[in-house]
Amino acid sequence: MAGAASALFLLDIKGRVLIWRDYRGDVSAIQAERFFTKLIEKDGDPQSQDPVVYDSGVSYMFIQHNNVYLMAASRQNCNAASILLFLHRVVDVFKHYFEELEEESLRDNFVVVYELLDEIMDFGFPQFTEAKILSEFIKTDAYRMEVTQRPPMAVTNAVSWRSEGIRYKKNEVFLDVVESVNILVNSNGQIIRSDVVGALKMRTYLSGMPECKLGLNDRVLLEAQGRTTKGKAIDLDDTKFHQYVVSYFKCVRLARFENDRTISFIPPDGSFDLMTYRLSTQVKPLIWVEAQVEKHSRSRIEIMVKARSQFKERSTATNVEIELPVPSDSTNPNVRTSMGSAAYAPENDALVWKIKSFPGNREYMLRAEFSLPSITAEEATPDRKAPIRVKFEIPYFTVSGIQVRYLKIIEKSGYQALPWVRYITMAGEYELRLM
Amino acid sequence: MSGHDSKYFSTTKKGEIPELKEELNSQYKDKRKDAVKKVIAAMTVGKDVSSLFTDVVNCMQTENLELKKLVYLYLINYAKSQPDLAILAVNTFVKDSQDPNPLIRALAVRTMGCIRVDKITEYLCDPLQRCLKDDDPYVRKTAAICVAKLYDINAELVEDRGFLESLKDLISDNNPMVVANAVAALAEIQENSSGPIFEISSHTLSKLLTALNECTEWGQVFILDALSRYKAADAREAENIVERVTPRLQHANCAVVLSAVKMILQQMELITSTDVVRNLCKKMAPPLVTLLSAEPEIQYVALRNINLIVQRRPTILAHEIKVFFCKYNDPIYVKMEKLEIMIKLASDRNIDQVLLEFKEYATEVDVDFVRKAVRAIGRCAIKLERAAERCISVLLELIKIKVNYVVQEAIIVIKDIFRRYPNTYESIIATLCESLDTLDEPEAKASMIWIIGEYAERIDNADELLESFLESFPEEPAQVQLQLLTATVKLFLKKPTEGPQQMIQTRDQLPIFICTCTVFKHSSQSVVTNTNSCLQVVLNNATVETDNPDLRDRAYIYWRLLSTDPEAAKDVVLAEKPVITDDSNQLDSSLLDELLANIATLSSVYHKPPEAFVTRVKTTAPKTEDDDYPNGIDTGYSDTPTHVADGGTSPQTSSSSAPYPAGRQPAPPPAAPAPAAPVPDLLGDLIGLDNSAIVPVDRPEPAPAAPLPVVLPASTGQGLQISAQLTRQDGQVLYSMLFENNTQIPLDGFMIQFNKNSFGLAAAGPLQVPQLQPGTSARTLLPMVLFQNVSGGAPSSLLQVAVKNNQQPVWYFNDKVSLHVFFTEDGRMERGSFLETWRSLPDSNEVLKDLPGIVVSNVEATLDRLAASNMFFIAKRKHANQDVFYFSAKIPRGIPFLIELTTVIGNPGVKCAIKTPNPEMAPLFFEAIESLLKA
């Protein structure tokens, strides 16, 4: 079962090695490069696109970020899930260090890159990927390196995500409840899939080693505490906690939530995702879009779209963007809308309808006309069947009805901290298939 | 925080190396640091800066941590190529491992472990011992991994110095990160060792489960993966473990979740209470579903695993099929996997929705995905009897879109549906026939022809349809030709002939029915006569005009059947076909068990057991490298079940047998193969025996005496002792063997057999050993041949041999092939061609190895000895106090080895560098040269 990576490669868009770190001396960079460049050349073959591929004794696992490929090679039966996820974490670490991870930033910082590669993985085993803690002892600013560094306590401490001795004048916590609505509507107008993925995102500016206690209106949680569940209580399908969630008593952590659903934790400094949850109950589409496409003769296409907001009037959706697919060779757009503006984006084969503010329970219309080339190719290749995609944000509103009932901050110095809580709902993968 | 390191890449002035050398030796700290950065930059872009080794190492003694790290990095890269100089760094390493700063202590021990040079390794032991007991957990966690590094380089050293015990102690460390790394190291060592090193007791288990809570996410993965090997004693313990692991399902890290799922599934096998199992299934579903919101690459791994999980426990996700519906922007590899799982989860309850989805996908643009979607509809039809009709109507709708590849794919699956539900849906044949002329892919064509042949009696114009294919018969692929042949015969048998017929003797003296009135195939005669002319054309084409032995054989068989006994022909050709079944749960149970135990690992992604792709495992078993490596995605049923009496719809062409010369009469079976071996089932259990080189014994041959290594000790051979070694004499490879009979009975009838091996070594003739009386011995020289039964995979020196006699069971033993017995007499190279060959081979073909224990004291004698083994001396030069020798050698099939030996005469240590077009042979070469030099 044991297994580890043999080497980690950072490659450019053509698959050439930019920087690599050999952890075990059993793979060759030349061989890896040769294999990988060939792999990305043959685009069409679906087998070649798998993120895990095997070639003469070596398994390669890779992800892409901007113009850089990150690839791990292994000769063993290593944990593929762990290694691929690790690669994504490496991206996060590099982004933390260089703002953006791309070919240029790697070249510009190769010394730090080598240092990081040495620290985050040892002999092919992932070690430590918390960017914030890493940056406490691996600095980009060369001059500060003159001071001898010690490993921060956090690297090996039980509370590995927070260093001691943090101090703020004003102690504040910001908690954002962000819900993304994923929905898939088929061409008959049936909702075939919908779920809500929520995240509790925090930014903390707290001194010392505070312990936070969070109360939610989760039904299981309420019932466990012996409260009646009248009024608003919700069922969360699957909750995920970040490493930080920990009760102050070392022995029970996730186990404690499993038992009595108490969420208590020592927060890291700065911003982090405390918890994510998923809700798979059927939700009514918040914005419903109906489109009618009519092909008049062979040279003209007409699209009529109705968009309706299906939430209460007191809420308002902002930055609504409805992307309507149109045939790829459409020209001469002629568009009228009852609200907002629409622009043709030929690069995406789409008409993008933007509505800045869309109050609840309203309906807006769009009518567009395009010319099509009168000559069409003989083969009956089907049109690209892209769905209608919708983006929006609805502040002060959650689909699940989740509510933060309390957020207590306890620190031994006894300071008062201000908790700020916001709610927002946005569109995630929001797709409506065309007729 | 962006840096400006790119400036270090830009020094490309002439004389870069001397310039760097100067800067490295500068008295100014900053200048030295910049110089080291430039060196590392040069190394990064692939320039060879190994000549600066001494100068860089001189910068190692510094307070500056950044500079130190860079020098260490340089060492990791170049120590191998400068092993003698690497020793210069040892002092600093040892000193750094005692530095007051734990970062530096850890760095030193971590780096030393990465330098895979034997000399350094010896010096690593003391610092490592100290660091394993360091006060700082950061140092201890680094040291724990370092033990695994050392084990990889020198396992004995680790065992001798008691590092394993120290490592086991770390399992009880109070720091969870140290515990996790110790577990990872132990698990790795266990993997590479034959003995029990890391056995998990219930006590360890409990300790580790407690540590789990506080580990980093990666540490949790190490621990869960290691613990999944644990076998609980009973159901109660299993339930206990599961209870403690379940909270991990809530972790944000997908790898932790998958490893927890693996462990729970393992323990569930033991749990008997159905309530508990049901409850666990319910608990696992949401986390598994959530994995599908992860990054696409992780989704891919998750989906490959879910594919396995639903095969074992379909209930877990039975109600979640919707989450596997494809999103428009899913990468194609995710879509393909989702489709596979949708088929597995499809049931009578959800089939309508699933079909709507498949139909949607079948009109997308990605051709491979579309094809797979169409195939999925067919697979559902075969799996769900009650839904078959709905599936077919969707397929018909798709055919009406008239997109070429959709139609072809649909016809292929409809053929399978007909096989599954005979005499049910034939009414749609007319619709299918409309698309006949758009078919251009062999499989689709073959399927359509099969349908026409199979249902010839219901298709009025079957003969016309088949005829339309006949014109191009010679150009069709074999698959289509075979189908045409069979379909024509079926047609002939099904539509009974009415017209006058007579027996005709063809030029092959094979009688055949043929109508006198039809000579031309395009005549507007009755259906019956037309059929016959079709048949005549096809049979002619398939016998006289083809080179394909399969086709010809089948044609002749039909021909003879038709001419001798038409009723028998009917029985054979129109025989009832076995019903096919759905194979969407295709993995067999034992493989599935193994894969489930490997959840989250590469094995579970490939759907192959680890041995199939891991080549590094240290075992004596021959490597079984699988050539058609993972493609478990689509193993449709359509190509297997159709091999039936009538030839099926997708027969395979055999390319193994050479075609007969065209037109030759095949009638009598070819002369029986070489007389059957006297003991036909001898050694049948050896892997892949195919040549029957088992031969009786008659002519003994005494050979000059020299002690041979014992390969089968008397204790193993029940008194029979065999010593043997491969040798080379006069350009011939021989297996020199000595048999000693220490039993109480005479032994006779000795035979030998070699298993497949990297060189394809096999006996060239019979083994000649006389009857051996008790207490006597016999020597023999067995001539060998090469390239007889070559095994695939990386070259290995392993030679597996089996010997049998009439009195004892079969004895198996392993011998080692030393490469030098293959060095051919014509391996001498001229200086010029040596240099040219050396230059023409890329650097990647150069392999280096140190032979530390070897001393060359007498040059002449060494050269003579090497020459005797066909390793030819070419040139010699002096370099400092070292002597450099160049040799050439060649092995069969003209593979040259160019060899460079560097040594100080009379001192231990030889550096051997070789260049060859086949660098994978290098390890074998080094073994050989080491033994030659030692001798």
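**Strand pairing, helix crossing and chain contact**

User: What makes S14(A) and strand S15 (residues 300-309) of chain A a pair?

Analyst: They share ten bridges, in the antiparallel sense. Two strands pair if DSSP finds at least two bridges between them, so S14(A) and S15(A) qualify. One of the partners is A:Arg308 in S15(A), which bridges to A:Trp288. This is a predicted model, in which local features need pLDDT of at least 70 and side-chain atom pairs pLDDT 80 or more, while totals for chains, interfaces and linings use all residues. Residues are numbered from 1 along each chain as its sequence is written, and chains are lettered from A and ligands numbered from 1 in the order written.

User: Why do strand S14 (287-296) and strand S17 (331-337) of chain A count as edges?

Analyst: The open sheet runs S14-S15-S20-S17 in chain A, with antiparallel pairing. S14(A) and S17(A) each have a single partner strand, so one side of each lacks a neighbour in the sheet. The twist averages 15° from one strand to the next.

User: Which strands stand at the edges of the five-strand sheet in chain B?

Analyst: The order is S11-S15-S14-S13-S12, open and antiparallel. Strand S11 (846-855) and strand S12 (872-879) each have a single partner strand, so each has one side without a neighbour in the sheet.

User: Why is helix H11 of chain B called oblique to helix H13 of chain B?

Analyst: The axes of H11(B) (residues 176-191) and H13(B) (residues 217-227) come within 9 Å and cross at roughly 45°. Under 35 degrees is roughly parallel, over 145 roughly antiparallel, 65 to 115 roughly perpendicular, and the rest oblique. The angle therefore makes H11(B) oblique to H13(B). Residues in the contact include B:Met177 and B:Ala184 of H11(B) and B:Phe222 of H13(B). By class the contact has nine nonpolar, one polar and no charged residues.

User: What makes residues of chain B count as in contact with chain A?

Analyst: Contact means C-beta atoms, placed from the backbone, within 7 Å. On that basis 100 residues of chain B touch 91 residues of chain A. The chain B side has 49 nonpolar, 27 polar and 24 charged residues. Ala, Val, Leu, Ile, Met, Phe, Trp, Tyr, Cys and Pro count as nonpolar, Asp, Glu, Lys and Arg as charged, and the others, Gly among them, as polar.

Definitions and conventions
Contact = placed C-beta atoms within 7 Å. Helix = DSSP H or I, 4+ residues; strand = E, 2+ residues; numbered from the N terminus. Axes fitted to C-alpha atoms, helices over the stretch in contact; angles between N-to-C directions.
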